[in-house]
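Let's take a friendly walk through a protein model, one region at a time. Keep the 3D view open and follow along.

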Amino acid sequence: MNDSGHFTGGDGTRAVRAGLPEPVKYEPTLPGPVFAAHFHLPGEPTGPYTYGRDENPTWTHLEAAIGELEAPGQDGVETLVFASGMAAISSVLFSQLRAGDVVVLPSDGYQVLPLVRAQLETYGIEVRTAPTGGDAQLDVLDGAKLLWIESPSNPGLDVCDIRRLVEAAHARGALVAVDNTLATPLGQRPLELGADFSVASGTKQLTGHGDVLLGYVTGRAGEPMTAVRRWRKIIGAIPGPMEAWLAHRSIATLQLRVERQNATALLVAEALRQRPEVTGLRYPGLPGDPSHKVAAQQMRRFGCVVSFTLPTRARADRFLEALRLVDDATSFGGVRSTAERRGRWGGDAVPEGFVRLSVGAEDPEDLVADLLRALDESAD
């Protein structure tokens with residue numbers, strides 16, 4: 001602890017201890033989920049817990065834990081948890097924007113963003129888009145109320161200079177939100193890079209077991225976060241207490257999982273780089289990746305996702321079918337490796353043979369061997 005009472009140790013210790021209440025004799029170190037729609041409330045409603053849509057003790061512990069990871073040592077930062085990543089994303093966009101405002105979104109971001117764009121436009125909000133790579137969003141910032149950054153982008157894994165974009169946006173009076181899902185707080189801390197909001201799907205690597213839908217927003221205390229809280233209350237996009245408890249429990253192993261998965265992802269990328277049928281290989285941690293220089297300046301870890309393209313849709317499908325240690329499934333960040341031909345969903349501007357691979361916690365040599373064998377077996 002430092003003089004301000006903030007923990008100053010490493011990521012592993014922080015993840016294990018984050019959000020735990022003060023110890024009480026005979027009480028569990030991590031209290032179980034509180035299943036309550038209402039609370040005893042005699043007299044004036046001045047306490048912290050009044051109604052289950054507003055606050056819950058299980059959320060409180062989880063929000064404290066995420067806040068300690070996203071903004072360690074920072075005062076005046078708060079976190080709000082939501083029922084899903086999209087609930088968290090929507091809470092920022094729809095609480096900060098109104099008719100006549102301008103928002104800048106990435107043109108190569110998460111595939112649900114086009115649906116969000118359409119909804120924003122029905123409310124009279126102007127939506128501008130530009131790619132993540134090359135800091136292209138700078139060119140469309142003038143007059144914007146909010147800049148939305150996704151770095152690394154999903155699924156293309158492009159990276160932008162967050163500090164540069166934040167400075168430019170703030171100079172124009174715009175707020176900045178960064179989707180931190182792929183990096184996790186152990187890979188990147190957007191608030192330290194100047195952003196106003198760090199937003200993420202906790203469904204992915206944060207919880208890491210593929211059994212929880214969750215989202216969160218971390219931001220500096222003030223009117224913008226008050227508006228996000230108000231939106232959560234209005235829309236009711238709240239997590240269940242069991243999901244919140246599972247998420248908090250899972251965060252204890254985050255550093256262990258991230259270290260293993262990220263190290264293996266680099267090995268996988270290096271192995272795939274040697275294969276002639278693999279093109280468009282992207283992994284920000286790979287020294288030869290187009291985004292590596294910028295990523296290394298703002299990321300401490302580079303994520304568990306590797307993307308690449310095989311020559312045809314049929315080849316990609318045969319490759320995925322041949323895999324034994326990798327599940328053909330969507331999402332990413334879990335302890336079990338997954339992969340999919342991303343074009344099957346539509347909405348992503350990717351080639352037919354584009355594969356998004358999420359590296360799990362299997363033994364690295366086993367996973368690499370499985371991938372190379374599947375490439376051999378899927379050849380024409």
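## A capped helix

Start at Asn-56, which caps the N-terminal end of helix α2: one of its side-chain oxygens sits 2.6 Å from the backbone nitrogen of Thr-58. Please keep in mind that this is a predicted model.

How many of the 14 residues of α2 are buried? Eleven are, which leaves the helix mostly covered. Among them are Trp-59, His-61, Leu-62 and Ile-66.

## The chain as a whole

Now zoom out. The chain holds eleven helices and twelve strands, and its C-alpha trace spans about 75 × 55 × 40 Å along the principal axes. A compact globule of 380 residues would have a radius of gyration near 21 Å, and the chain has 21 Å, which agrees.

Of the 380 residues, 55% count as buried. The accessible surface comes to about 16,100 Å², with 54% of it belonging to carbon and sulfur atoms. Take the contacts between residues at least 6 apart in sequence: 69% of them join residues at least 24 apart.

Side chains of opposite charge can pair when their charged atoms come close. A search of the whole structure finds 31 salt bridges. In one of them, the side chains of Asp-54 and Lys-233 meet at 2.8 Å, N to O. Asp-54 belongs to the loop between α1 and α2, while Lys-233 is in helix α6 (residues 223–235), so this pair links distant parts of the chain, 179 residues apart. Lys-233 is partly exposed because its relative accessible area is 38%, between the limits of 20% and 50%.

Glu-63 and Arg-232 form a salt bridge too, with their closest N and O atoms 3.1 Å apart. Glu-63 lies in helix α2 and Arg-232 in helix α6, so the pair ties together parts that are 169 residues apart in sequence. Are these two partners buried or exposed? Glu-63 is buried, with a relative accessible area of 10%, and Arg-232 is buried as well, at 1%.

Helix α11 (residues 364–377) contains both Arg-373 and Glu-377, four residues apart, or about one turn of the helix. These two form a salt bridge, their closest N and O atoms being 3.1 Å apart. Arg-373 counts as buried at 18% relative accessibility, whereas Glu-377 counts as partly exposed at 49%.

Next, find Arg-315 in helix α10 (residues 313–322). At 7% relative accessibility, Arg-315 counts as buried. Which residues does Arg-315 touch, leaving out those up to four places away in sequence? They are Glu-277, Leu-310, Leu-375, Ser-378 and Ala-379. A polar atom of the Arg-315 side chain lies 2.7 Å from the backbone oxygen of Leu-375, and the side chain also makes a polar contact of 2.9 Å with the side chain of Ser-378.

Finish at Ser-358, in strand β12 (residues 354–358). Ser-358 counts as buried, at 2% relative accessibility. A polar atom of its side chain lies 2.8 Å from the backbone nitrogen of Gly-333. Beyond neighbours within four places in sequence, Ser-358 is in contact with residues including Cys-304, Phe-332 and Thr-338.

How values were computed:
Residues are numbered from 1 along each chain as its sequence is written. This is a predicted model: local features need pLDDT of at least 70, side-chain atom pairs count only at pLDDT 80 or more; totals for chains, interfaces and linings use all residues. Side-chain values use heavy atoms; hydrogens and water are left out. Helices (H or I, at least four residues) and strands (E, at least two) are DSSP runs, numbered from the N terminus. Buried means under 20% relative accessible area, exposed over 50%, partly exposed in between (1.4 Å probe, protein chains only). Contact means heavy atoms within 4.5 Å. A polar contact is a pair of N or O atoms within 3.5 Å; within protein, one must be able to donate a hydrogen and the other to accept it, and residues adjacent in sequence count only if both atoms are side-chain atoms. The radius of gyration is taken over C-alpha atoms; the globule rule is 2.2 Å times the number of residues to the power 0.38. Accessible areas come from the Shrake-Rupley method with a 1.4 Å probe; for residues, only the protein chains shown count as cover. A salt bridge is a side-chain nitrogen of Lys or Arg within 4 Å of a carboxyl oxygen of Asp or Glu.
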